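Good morning. Please look at the structure on the screen while I go through its contacts.

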Number of protein chains: 2
Amino acid sequence: MQRALSVSRMTGNSSTFPDWYQAIVREAELAEVSPTRGAMIIRPWGYGVWERIQQTLDRRIKETGHENCYFPLFIPLSFFAKEAEHVEGFAKEMAVVTHHRLKQVDGKLAPDPDARLEEPLIVRPTSETIIGDAFSRWIKSHRDLPVLINQWANVVRWEMRTRLFLRTSEFLWQEGHTAHATAEEGREETLKMLEVYREFSETVLAMPVVAGEKPENERFPGADKTYSIEAMMQDGKALQAGTSHDLGTHFAEAQNIRFQNSAGELVHCHTTSWGVSTRLIGGVIMTHGDDDGLRLPPAIAPRQVVIVPMLRDKPEDAEVLAAGEALVKVMGQVIALGEPVRALLDVKAQKSAEKRWNWVRRGAPVIIELGPRDVAGGTISFMRRDRLRDGDKVTSQSMSRADFLAGLPALLAEIQQGLYDEAKARLDANIRTDIASFDEMAAYFGAAAADDEDATAFRGWVRAPWARPTGEELEAIEQKLKALRLTLRNAPMDQPATFGPCLFTGRPGVEEILIGRAY
Amino acid sequence: MQRALSVSRMTGNSSTFPDWYQAIVREAELAEVSPTRGAMIIRPWGYGVWERIQQTLDRRIKETGHENCYFPLFIPLSFFAKEAEHVEGFAKEMAVVTHHRLKQVDGKLAPDPDARLEEPLIVRPTSETIIGDAFSRWIKSHRDLPVLINQWANVVRWEMRTRLFLRTSEFLWQEGHTAHATAEEGREETLKMLEVYREFSETVLAMPVVAGEKPENERFPGADKTYSIEAMMQDGKALQAGTSHDLGTHFAEAQNIRFQNSAGELVHCHTTSWGVSTRLIGGVIMTHGDDDGLRLPPAIAPRQVVIVPMLRDKPEDAEVLAAGEALVKVMGQVIALGEPVRALLDVKAQKSAEKRWNWVRRGAPVIIELGPRDVAGGTISFMRRDRLRDGDKVTSQSMSRADFLAGLPALLAEIQQGLYDEAKARLDANIRTDIASFDEMAAYFGAAAADDEDATAFRGWVRAPWARPTGEELEAIEQKLKALRLTLRNAPMDQPATFGPCLFTGRPGVEEILIGRAY
Ligand SMILES: [Zn+2]
Ligand SMILES: [Zn+2]
């Protein structure tokens, strides 16, 4: 069983996992609750992580042939009416713009009744409808296919209970949208982007995931198939970290996206969509955070090495600062993980000890404390954020400046790999494959189920064969699971050759599926 | 006088400047009108230009010490009420969100009356109010200052008459917001960012500008001073391409942004804000476009060199494609204008001649036509988009592959500089400084004034001394200018030592100001 995490080192109060999460978001200065209900303010350190995610993922999206563009924030209501008729499970929690002007009414600022829109506008919850409309204009012939586009944008889905990064009314994301000539090409694209997400998540975020297909009841409304990557958080819950949808011809039918094939017939395109969001930052926190705060994988740390100068209001301070600046410059020439090292000299007017702990909480991978003695002796004393403590004691190491610089690429790569390995071991150790009946599963999760949602009791996932029931039979299973606060996560891509009996029906299994609690 | 531009080469119809502009936006596939009234769809080539603008400007914003973050899209109405009380000229054309759910009402999708928001939310037209609110929480002591932040975001200002990139209800921009301890520091920041914009515009966009201070009547509501960079378009009109506002303590007073100074007193911060938007793309089009379409400065061209393979459905096609791919790879190793060259092999299923003209229209700086003979002979035949024609004839040049690659950095730098020089010569030649009276100015602009807004008659700007009148006297001048469709642009930063009499009042001048038509 996974040790419980505590916020004691950050806040002085031992508490629950959600409290620990909130404490990291606050103490690492990643984000804060905004005065706009349900939205968040992403602070510079948190936004810096998002910028790193954007840069590294955008490169992969472009390398697989996609181009970025930008579609309107507002979508006419009639576009959703079309979709609502066509798509079951159509979600209706959306922000609606009804007026385009304010006015002083009885001395108070209010929407101007004379500026009511004829047709309300919806703030995009996702852009299938408006992008599909463009596809229907852009695509005429098979020579126009495939169309492979992506956009980085903000989207809004009204949420009543919000949690920073994990569930907010407004969030940032990328949404890929593609159109293809054949079902096979659509399927290939869907799986290609699933694999891009898996590789990105594991390599860049150091967050191991299980890629697989969502069961029917968890599909994106209108999709033929929905795939996801699922990551295990340190409370054992699953976080759906990215999704890729094979939309078949459903959206093309609703939006009249057609092309003339080489035989001269007018046929519907096959479309896909796929996305990841700022939710990934929540995943990084809950994968890598510890009692002292955040630990950032070097690949997404806005600053990989931070120098805290030990200043004493004495003349030698100038030398320390000069040496620190020189060191930042030299590190900027070192290539680690394929890019120049991102280093910072923290010159804020603040006590050194305070600075050091701020960077520990923010999760900077390497923290150097640079004093006059280091400058004189040509040495570097540093802490590794991934191995901050030996027991309770904070540890640091010292070496010559030359050795430190020569070893820096390997050090950052080792930290990156170490964080992944730690999370991967936790994931592998906490998927139970030995549970053979629903009752046994209920007993395993039962204790935690009795607790409230803030329970710290750690439970991982169950992986079991099932007969892939559909329709009402699946709904009944969903309800039974719901009573245990469990959901079907996905059927992993790698499946064995043979299957035991279905955990739910006792019939012969046709695939294995993951079951767990989830965000 | 500037030659008139024509769309004949793009569309077959000679026409007006606005038609020419629209033709470029369409033919270069930069953007299109969206089904959402007033908004635009930025297509991949246009968005690629925006990404280049973002990357190159973001680097400058960070180098001057600013950090990016993200604030909510929606701002509570009450925040604007505060501002409306305080700020004269408060703009009220804003999109108002009043509901958070849709519902089937009489079989039609409509805003759910039960999901009406207690307080309407405004879609941000700019973020001074919500960022100021955060500043009031973040800033306690002089040690917290300065606060230097920026965000890249979409904003919405309702517009009735839209023109792609130049005036749309939704657009993309960056907005910098800073808080300082003293008036002097606020002033320095305002001018520093004005200079960043000037240098960026001239170096990266190859778009010469005049940096200066806006007259009182053109200030951002609530600003102590507003500065701008103004660029001259090929129809002689001014485009305000960026603004920087010294907000004094006005917003700090309205939003209670205070800090304890070193003497222990609680005092108001001095704040600034500054921004540029996707409007810059409109500026690039109207600065560099010609009869054949867009010409992109290499620094912002998504692809600097495009290879059009001359394919004939013959076996040697494979060799041509392989040679093209190899050439793209080699060019990616060449550093030009400080970055690896961005090259593309156009493998679309389309005739070579069609491809070539597409890239001419899109403004790719260098277009290579690669045929079997070039491959066999190790030569490169290419067109320079900046010098496409000799008279009416399209020109190309040929050289050895080795010479081409060795000369590529110099070639791209020369194209970048050449586009700037051409625009700079036009700007310098078209600012009249010899006009001594309002009547003389009216006569100069008169002919064009008689035309409708789509007039092609070219008039530049007038630069003249003025007494910097204020209040009602300034308003009267504004009205007189308006009758000629003229506006006061800015008082350039570089001013002579002495001034002639004021063009408007005859009193002694105190500075020179630019007057012209504008977008
Ligand atoms: Zn369907
Ligand atoms: Zn005031």
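How much area do domain 1 of chain A and domain 3 of chain A bury between them? The figure is about 1900 Å², and 55% of that lies on carbon and sulfur atoms. Before I go on, please note that this is a predicted model.

Let me place those domains. The domain assignment divides chain A into domain 1, residues 17-288, domain 2, residues 301-411, and domain 3, residues 431-516. Between domain 1 of chain A and domain 3 of chain A, the C-alpha centres are 28 Å apart. Domain 1 of chain A brings 27 residues to the contact, and domain 3 of chain A brings 23 residues. On the domain 1 side, the residues that lose the most area to domain 3 of chain A are Val210(A), Asn217(A) and Met232(A), which together make up 24% of what that side buries.

Now the polar side of this contact. There is one salt bridge between domain 1 of chain A and domain 3 of chain A. Nine residue pairs are in polar contact between these two domains.

Which elements of domain 1 of chain A give two or more residues to the side that touches domain 3 of chain A? They are helix 2 (17-27), helix 6 (183-203), strand 11 (209-213), strand 12 (225-232) and strand 13 (238-246) of chain A. Strand 12 of chain A gives the most to that side, five residues. Sorted by class, the domain 1 side has 12 nonpolar, six polar and nine charged residues.

Next, the two chains. Chain A puts 65 residues in contact with 66 residues of chain B. The two chains bury about 5500 Å² between them, with 64% of it on carbon and sulfur atoms. Six salt bridges are found across the interface of chain A and chain B. One salt bridge joins the side chains of Arg101(A) and Glu93(B), at 2.7 Å from N to O. Across the interface of chain A and chain B there are also 34 residue pairs in polar contact. The side of chain A that touches chain B has 42 nonpolar, eight polar and 15 charged residues.

Last, the aromatic rings. Over all chains the count is 24 aromatic pairs. Why is the pair of Trp45(A) and Trp359(A) called edge-to-face? Their ring centres are 5.2 Å apart and their planes stand at 70 degrees, so the pair is edge-to-face, as planes over 60 degrees apart count as such. Trp45(A) sits in helix 3 of chain A and Trp359(A) in helix 10 of chain A, so this pair links distant parts of the chain, 314 residues apart.

Terms used. Residues are numbered from 1 along each chain as its sequence is written. Chains are lettered from A and ligands numbered from 1 in the order in which they are written. This is a predicted model: local features need pLDDT of at least 70, side-chain atom pairs count only at pLDDT 80 or more; totals for chains, interfaces and linings use all residues. Side-chain values use heavy atoms; hydrogens and water are left out. Domain bounds come from an automatic or database domain assignment. Contact means heavy atoms within 4.5 Å. Buried area is the accessible area (1.4 Å probe) that two parts lose on being put together, summed over both. A salt bridge is a side-chain nitrogen of Lys or Arg within 4 Å of a carboxyl oxygen of Asp or Glu. A polar contact is a pair of N or O atoms within 3.5 Å; within protein, one must be able to donate a hydrogen and the other to accept it, and residues adjacent in sequence count only if both atoms are side-chain atoms. Helices (H or I, at least four residues) and strands (E, at least two) are DSSP runs, numbered from the N terminus. Ala, Val, Leu, Ile, Met, Phe, Trp, Tyr, Cys and Pro count as nonpolar, Asp, Glu, Lys and Arg as charged, and the others, Gly among them, as polar. Rings of Phe, Tyr and Trp (its six-membered ring) pair if their centres lie within 6.5 Å; planes under 30 degrees apart count as stacked, over 60 as edge-to-face and the rest as tilted.
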